[in-house]
Amino acid sequence: MPVSQISTIPSERYRPAVLVKTKTEFYIEFYVIHPKENKLVRKRIRLNHLRKRYKLLAEFKTMAAEMVSHINAKLAGGWSPFFESENTRLYTKLDEVIELYLSEKEREVRPATFRSYKSWCKSFGTWCAENTPGIYASMVNKIIVIQYLDYLYGVRKINVVNYNNHVKQGSAFFSWVVQKCYAKENPFENIQKKKTTQKTRIIIPENYRQRITDHLSVHDPYFLIVCELVYSSLIRPKEIRFIQIKHINLEENHIFIPSDNAKTHYQRYAALTPSLLEKLQYAANKQPNLYLFGPDMLPDKEPCHESYFTKQWDKMRKVLKLPVEMQLYSLRDTGINNMLKSGIDPLTVMQHADHHDLAMTTRYANHADPNLIKKIVENAPKF
C-alpha cells in the first residue's frame with residue numbers, strides 16, 4: 001500500500017517492525033508517524049550486507065529477530081527515526097566489534113601495545129558476555145561502564161593505576177567504535193580517573209648500588225649488565241628485552257634503540273660506559289639477530305619473558321633487604337638524577353634519557369635523595 005493511502009489513526013503512533021524477505025533482499029520494515037505530515041511513513045533497514053556475515057540462514061534470522069525486537073522496544077518508548085540517520089552498524093554485537101578493532105590495531109601498533117589492547121578487550125568483553133550477553137556495542141552506556149569499573153575496583157581489587165588504565169583503554173576503544181559508526185556515544189568519555197599518589201621509587205645511593213654490584217657479580221652477572229644498562233645507559237627495562245646483537249656497537253660505544261622498541265617511538269643511541277663495554281664483550285661474535293637476553297639470559301632467538309627482570313630484581317632486593325621503594329626502574333631515576341647533579345647539561349641528559357622536553361628531565365632532580373641532608377650539612381656555607 002502506498003504511504004499516501006495509509007490513514008492515520010490518532011492512537012497509532014507506529015506499526016511494529018517486521019522482517020521482510022523478497023527474491024533479492026532482506027530488510028526490516030516498520031511505519032512511524034512523520035512529525036510534520038502527521039502520517040504513518042514506511043521506514044526500511046536493508047540487511048543484505050549483514051546476511052553475508054552468516055553462513056547459516058538460521059543464524060542470520062536470529063540476529064535479525066533481535067534487531068526487530070530492539071527497534072520495537074525503541075518505538076514503544078517513543079523513539080522516532082526522523083532527523084536521525086539509522087545504520088545497521090548500530091546493531092553489531094560487541095564481541096564482533098571487538099574482533100574488528102583488534103584486527104585493525106594488530107596491523108597498526110607495536111606487539112607490546114597490541115598485547116595491552118588485547119588484554120583490555122578480553123577483560124571488558126568477558127565481563128559483558130557474563131553480565132549483558134549478546135549486547136550491541138551501541139547499547140553499552142555509562143551505567144554498564146560504571147558497573148564494570150566498580151567490579152574491577154571493588155571485586156578484583158585492582159590498584160588506582162590499573163583502574164585509570166582501564167578508563168584510558170576503554171575511552172580509546174569506544175572512540176574507535178564511534179568513529180566507525182558502531183555507536184553514537186563514547187560511554188567512557190566523562191568517566192573521571194582516580195587521583196594517583198606520587199611514585200614510590202626513590203634514589204638508590206652509591207653504597208646500596210655497590211651492595212647490588214657485589215651481590216650480582218657473584219650470583220647473577222648477566223642481570224648486573226641489565227642494571228647497568230638501566231642506570232648508565234638510561235635504557236628502559238622493556239627496551240632492554242628487545243636489544244639484539246646487531247644493535248650493539250662496541251667500537252662506537254653505543255646501543256641503537258629502534259623506534260619500534262622505544263617507549264616514545266623515537267629511535268636513539270644509548271651510550272655505553274667502559275664498564276659495560278667490558279661486560280658486553282661476550283656478545284661480540286654472536287649472530288646479529290639474536291636477542292641479547294634470551295630466556296636463560298644468554299643470547300637467543302627469543303627475548304626473555306617480560307616479567308623476568310622484575311622477578312630477578314625482587315629476588316635480589318629481598319636477599320639484600322633493600323627498601324620496597326627501591327625498584328629496578330629506580331636505577332634509571334638515579335642515573336638521570338646523578339647526571340644532572342654531576343654537571344652534565346640538562347639538554348644532553350634529556351636526549352640521553354629519551355624525554356620529550358626539559359621539564360620532564362628536570363623533574364627527576366626532585367626525587368627523594370637519602371643523602372640530601374648530609375650533603376647540605378657538609379657543604380652549606382657558614383652563617
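Guide: Let's begin with a helix pair. Helix H3 (residues 94-106) and helix H4 (residues 111-131) pack at an angle of about 180 degrees, and their axes are 10 Å apart. Keep in mind that this is a predicted model.

Visitor: Why quote an angle and a distance?
Guide: Two packed helices are described by the angle between their axes and by the distance between those axes.

Visitor: So how do H3 and H4 run, roughly parallel or roughly antiparallel?
Guide: Roughly antiparallel to each other. Angles over 145 degrees count that way.

Visitor: Which residues of H3 and H4 make the contact?
Guide: From H3, they are Leu94, Ile98, Tyr101, Leu102, Lys105 and Glu106. From H4, they are Phe114, Tyr117, Lys118, Cys121, Phe124, Gly125 and Cys128.

Visitor: What classes are they in the contact of H3 with H4?
Guide: There are 9 nonpolar, 1 polar and 3 charged residues.

Visitor: New topic. Which strands make up the sheet with E1 in it, and in what order?
Guide: The order is E1-E2-E3. The sheet is open, and the pairing is antiparallel.

Visitor: Which are the edge strands?
Guide: E1 and E3, each of which pairs on one side only. Neighbouring strands here are turned by 20 degrees against each other on average, direction ignored.

Visitor: How many residues of strand E2 are buried?
Guide: 8 of its 8 residues, which span 26-33.

Visitor: Which way do they point from E2?
Guide: Phe26, Ile28, Phe30 and Val32 point one way. Tyr27, Glu29, Tyr31 and Ile33 point the other way. In a regular strand, side chains alternate between the two faces of the sheet.

Visitor: What lies across E1, E2 and E3?
Guide: Helix H2, residues 57-76. It runs at about 170 degrees to E1.

Visitor: Let me pick a residue: Val20. Where does Val20 lie?
Guide: In strand E1, residues 14-21.

Visitor: Is Val20 buried or exposed?
Guide: Val20 is buried, because its relative accessible area is 18% and buried means under 20%.

Visitor: What is Val20 in contact with?
Guide: Leave aside its neighbours within four places in sequence. Then Val20 is in contact with Glu25, Phe26, Tyr27 and Glu29.

Visitor: How many bridges do E5 and E6 pair over?
Guide: 4 bridges, in the antiparallel sense. Phe256, for one, has Tyr269 in E6 as its bridge partner.

Visitor: On to the inside. Which residues touch the most other members in the largest nonpolar core?
Guide: Phe223, Leu229, Ile240, Ile255, Phe293, Phe309 and Trp313. This core has 38 residues.

Visitor: Which element gives the most to this core?
Guide: H8, with 7 residues. Elements that each supply at least two include helix H7 (206-219), strand E5 (254-257) and helix H11 (308-320).

Visitor: How many residues of H8 are buried?
Guide: 8 of its 11 residues. They are Phe223, Leu224, Ile225, Val226, Cys227, Glu228, Leu229 and Val230.

Visitor: What covers the buried residues of H8?
Guide: The cover includes H7, helix H9 (237-241), E5, H10, H11 and helix H12 (330-341).

Visitor: And what is Phe293 in contact with?
Guide: Leave aside neighbours within four places in sequence again. Contacts of Phe293 then include Tyr222, Ile225, Val226, Leu229, Ile240, Arg241 and Phe309.

Definitions and conventions
Residues are numbered from 1 along each chain as its sequence is written. This is a predicted model: local features need pLDDT of at least 70, side-chain atom pairs count only at pLDDT 80 or more; totals for chains, interfaces and linings use all residues. Side-chain values use heavy atoms; hydrogens and water are left out. Axes are lines fitted to C-alpha atoms, for helices over the stretch in contact, and angles run from 0 to 180 degrees between N-to-C directions. Angles under 35 degrees count as roughly parallel, over 145 as roughly antiparallel, 65 to 115 as roughly perpendicular and the rest as oblique. Contact means heavy atoms within 4.5 Å. Ala, Val, Leu, Ile, Met, Phe, Trp, Tyr, Cys and Pro count as nonpolar, Asp, Glu, Lys and Arg as charged, and the others, Gly among them, as polar. A nonpolar core is a set of buried Ala, Val, Leu, Ile, Met, Phe, Trp, Tyr and Cys residues joined through side-chain atoms within 4.5 Å. Buried means under 20% relative accessible area, exposed over 50%, partly exposed in between (1.4 Å probe, protein chains only). Two strands pair if DSSP finds at least two bridges between them.
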